Amino acid sequence: MNRISDEFYPMIFKRKSFHVFKDPATRKAYRDEYGIFEDELKEIQKSYDSLVPLYPGIRTAMRIAENEETSCERGQEKVLLFYSEEKPNALANIGYLAEQLDLKLASLNIGALWFGLNKKKMPDHDGLKYVIMIAIGKVPEKAFRKDMFKAKRKEMNEIWEGPLLEGVSEIIRFAPSACNSQPWKVIRKGNRLDVYRYRSDKKIGVMPQDGLVVYNHIDIGIFLCFLELCLAHQGISFHRTLFDDDRDETMNLVAGYQLNG
Ligand SMILES: Cc1cc2nc3c(=O)[nH]c(=O)nc-3n(C[C@H](O)[C@H](O)[C@H](O)COP(=O)(O)O)c2cc1C
């Protein structure tokens, strides 16, 4: 099993969502002063092929496109469009892949916004279905997150059951998710971590509940990306078992990790 590159780990602390690509102090659009270089765009496109998928058997693609192809108007420079074969677990696979790119973008001082609320009908690409997009724009380094622990997240006891795992439990809480819904729960028993997609009955944010559940499948892939980066960073090797996430219970098992210390 291939592991996600450790180079992404420090970016967990730096990344954040740029809901608008504007300096909050001056209200000036970042793109008036900054811009993504052509060779950075090439690097982003090229790096997609070296990312590690959760499900290597699912064909995916990423395309860098112009804003006009979408309804996203947050002041971004470009959009990254993600496509996949329609197969079980395709959404979690895209979440896992595209989160690696979200972290890579932070290392280039390119701000990003996962954007699920795209209203335009998106054509297929190379026989693959459109899944989701990430809006991007160059921003100054100081615009990134300074103290991740101040970001709004659920309490630890809502997302983790059993003894905490130092360097892991307190970091993975900060994975991004649609409407900040954080649809995950980890149950630890000894050296075993079971990860569940948690379906809340509460309406969260602006998305209709059914729509949110779709995005929550993507969120779970994002969470597994964070979890594996943290385990690797702590020097904890593991054996991972993936489960088809095809039910819609309150607790849906998606992955089990046997930790080897
Ligand atoms: C799958 C997904 C879809 C999202 N869709 C939107 C969106 O349509 N509009 C938006 O403003 N933010 C969107 N977000 C950003 C989340 O609101 C944000 O990640 C969450 O509030 C946590 O904040 P942070 O990313 O700054 O840590 C999305 C995030 C994810 C993971």
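Helix α3 is mostly covered, with 17 of its 18 residues buried, where a residue is called buried if 20 or more other C-beta atoms lie within 10 Å of its own, exposed if 12 or fewer, and partly exposed in between, the C-beta atoms being placed from the backbone. The model is a predicted one, in which local features need pLDDT of at least 70 and side-chain atom pairs count only at pLDDT 80 or more, while totals for chains, interfaces and linings use all residues. Residues are numbered from 1 along each chain as its sequence is written. Helices (H or I, at least four residues) and strands (E, at least two) are DSSP runs, numbered from the N terminus.

The end C-alpha atoms of α3 are 26 Å apart, which agrees with the 26 Å that its 18 residues should span at 1.5 Å a residue, the expected span being 1.5 Å times one less than the number of residues. After α3 comes N109, with a positive phi near 55 degrees.

I94 is found in α3 and is buried, with 25 other C-beta atoms within 10 Å. Leaving out residues up to four places away in sequence, I94 touches T60, F82, S84, V131, I132, I218 and G221; contact here requires C-beta atoms, placed from the backbone, within 7 Å. By contrast, F149 lies in the loop between β4 (129–138) and α4 (156–159) and counts as exposed, with 11 C-beta neighbours inside 10 Å. One pair of residues for each of these two positions is listed below.

| Pair | Separation in sequence | C-alpha to C-alpha distance |
|---|---|---|
| I94 and F82 | twelve residues | 7.4 Å |
| F149 and I171 | 22 residues | 8.5 Å |

The domain assignment, which is automatic or taken from a database, gives domain 1 (6–143) and domain 2 (152–259). The centres of domain 1 and domain 2, taken over C-alpha atoms, are separated by 21 Å, and 19 residues of domain 1 are in contact with 22 residues of domain 2. On the side of domain 1 that touches domain 2, helix α3 (residues 90–107) supplies the largest share, eight residues. That side of domain 1 has eleven nonpolar, six polar and two charged residues, on a scheme in which Ala, Val, Leu, Ile, Met, Phe, Trp, Tyr, Cys and Pro count as nonpolar, Asp, Glu, Lys and Arg as charged, and the others, Gly among them, as polar.

The largest nonpolar core has 67 residues, and F82, I134 and F226 have the most contacts inside it; such a core is a set of buried Ala, Val, Leu, Ile, Met, Phe, Trp, Tyr and Cys residues joined through C-beta atoms within 7 Å. Helix α6 gives the most to this core, with 13 residues. Domain 1 and domain 2 both give residues to the core, so it lies between them. Beyond its neighbours within four places in sequence, I134 is in contact with L80, A98, D102, A112, L113, W114 and F115.

The ligand is surrounded by 19 residues, of which the closest are S17, W114, L117, P176 and N180, a residue being placed in this shell if its C-beta atom, placed from the backbone, lies within 6 Å of the molecule. The elements that give two or more residues to the shell are β3 (110–115) and α6 (209–233), and α6 supplies the largest share, four residues. Domain 1 and domain 2 each contribute at least three residues to the shell, whose composition by class is twelve nonpolar, five polar and two charged residues.

Methods
Two residues are in contact if their C-beta atoms, placed from the backbone, lie within 7 Å.
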